Amino acid sequence: MGNALINLAYLASATLFILGIKGLTHPRTAVRGNQLGAIGMLIAVVTALVDQQVVNYVWIIAGLVIGSGIGALMATRVQMTDMPQMVALLNGFGGAASTFVAGAALLDALQIDLALITPQFIVATAASGLVGTVTFWGSLVAFGKLQGIVKDVRLPGAQIFNAILLVVALALSVWLIVDPTAVWIYWAIVVVSSILGLSLVFPIGGADMPVVISLLNSYSGIAAAAAGFVLTNNALIITGSLVGASGIILTSIMCRAMNRSLTNVLFGIWVPSDAADSSDDVYGGRVKAANAEELAMLMETARRVVIVPGYGMAVSQAQHAVRDLVNLLEERGAEVEFAIHPVAGRMPGHMNVLLAEADIPYDKMKEMDEINPSFEQTDVVIVIGANDVVNPVARTNPSSPIAGMPILNVDKARSIIVIKRSLSPGFAGIPNPLFAADNTLMLFADAKKGALDIMNALKAV
Ligand code: NAP
């Protein structure tokens, strides 16, 4: 295939990636977006193989078979609640691949022709080694933390240690650029970056882990783009840049939605907030528990109902029961909508995915800004397994860990039903005065069981 044709094919695949990402911006077009991205990837892979004039396909086919097998197994086995860990692993593998590709290209160039080592080549090689390795080890720690097998490790002076490691890695990179024939420097960059990747992520609390994963996703894109410069492969440069840019945009959206500072997450800086009010102060004698029959009576006359799903709905896999409850309410003439907070659950879009799995129409899922003004006209809000995203403290206490985080203003509704198992806090670890509000009734139950119980009680009234 001629050079022009190869570049045309890469351009087509890059265009498909961009259209794919555009499709992923809306649930309705997401599946098509995914398919376009997959076709783009197929074109890129086939073009790369043709371009490289591979003589022996044995290793490539073996890699394809083993990789596809492991990938298919992981994708079908993984639980929705474990998706962040899976993404962490995939980012890590992407980073490691960039490190190996750059290292192999350097060894190759040294053997074949030193003239191949241009300034672009060697700068990109050093960048791939550094960023790719940090991504790999950082992602492994992130995976371990989410899986509960790695604990937070906060050592005094960790930030200074990290800064020193970064300076050493950068100094080694400059050395490699000056003397590209000394391959050991490349491996030294890999070793120092490995320690940096580990020590950067070890101190970061589980609370910030999804943000870290999104950041590592961005790093894996940067490493891939650098590997694209090593191989002078336009498709890899474009794809890597897309991943790098979209990862950093997602990171900043998540930071804003959780009111976290990107710098603090990046450097593992933990900001102590004022001690939150104790549970006794907030709840003491004011929480009203109700049973499903009492709640069904309250719902019987409701004209407008808003459901707020949260992490607990995912844990309990209550989405199908919730759908059945919605169908029943609608049959009885109520208008029902879902209020989706941008960081409800444990990953962006977590709630949308679960609700879509239960065939709940997308037009019922309203984003925070759209639904917030309507709570005052809402008869009943059902908060199911959500906590922080409806905690009014975010608006009222500037020293709370969630201060400034935009929340769903469910406290403005006429009545609020909260389904959760206990008064345990959510992700942020603080009590929620909503549970003690005059217009709130608590149904202490597993989310799925609670939804089914209300539905059965409603059928009986
Ligand atoms: P949350 O504040 O973490 O609260 C979840 C609640 O679900 C808990 O209070 C728990 O109470 C309840 N729960 C757990 N299992 C349950 C079950 N089987 N049945 C019923 N309830 C159950 O959840 P959220 O309101 O969705 O807020 C998300 C939090 O995660 C926010 O703080 C957000 O900043 C953070 N976060 C989100 C993302 C993201 O991308 N979405 C990323 C990072 C962090 P009980 O134990 O009493 O049942």
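Predicted model: local features only at pLDDT ≥ 70, side-chain atom pairs only at ≥ 80, totals over all residues.
Local features were taken at pLDDT of at least 70 and side-chain atom pairs at pLDDT 80 or more, while totals for chains, interfaces and linings use all residues. Residues are numbered from 1 along each chain as its sequence is written, and side-chain values use heavy atoms, with hydrogens and water left out.

Strands are DSSP runs of E with at least two residues, helices are runs of H or I with at least four residues, and both are numbered from the N terminus. Two strands are taken to pair if DSSP finds at least two bridges between them. Strand β1 covers residues 304-309. It runs parallel to β4, to which 5 bridges join it; P309 has I384 of β4 as its bridge partner. β1 also pairs with β2 in the parallel sense, over 4 bridges, and here V306 is partnered by E337.

Beyond β2, the pairing continues to strand β3 (residues 365-367), again in the parallel sense, with 3 bridges. M365 in β3 is the bridge partner of F338. Between β2 and β3 the chain passes through helix α15 (residues 350-357), and this β-α-β crossover is right-handed, that is, with the strands pointing away from the viewer, the path from the first strand over the helix to the second runs clockwise. β4 pairs with strand β5 (residues 415-420) through 5 bridges, in the parallel sense. In this pairing I417 of β5 lies opposite I382.

Burial was assigned by relative accessible area with a 1.4 Å probe and protein chains only: buried is under 20%, exposed is over 50%, and partly exposed is in between. In strand β2 (residues 335-340), 5 of the 6 residues are buried, so the strand is largely enclosed by the rest of the structure. Strand β4 (residues 380-384) is mostly covered, with 5 of its 5 residues buried. In a regular strand the side chains alternate between the two faces of the sheet. In β4, V380, I382 and I384 point one way, V381 and V383 point the other way, and all are buried.

R304, in strand β1, counts as buried because its relative accessibility is 10%. Its contacts (heavy atoms within 4.5 Å), not counting residues up to four places away in sequence, are E335, E337, I371, S374, Q377, T378, D379 and V380. The side chains of R304 and T378 are joined by a polar contact of 3.1 Å. A polar contact is a pair of N or O atoms within 3.5 Å; within protein, one must be able to donate a hydrogen and the other to accept it, and residues adjacent in sequence count only if both atoms are side-chain atoms.
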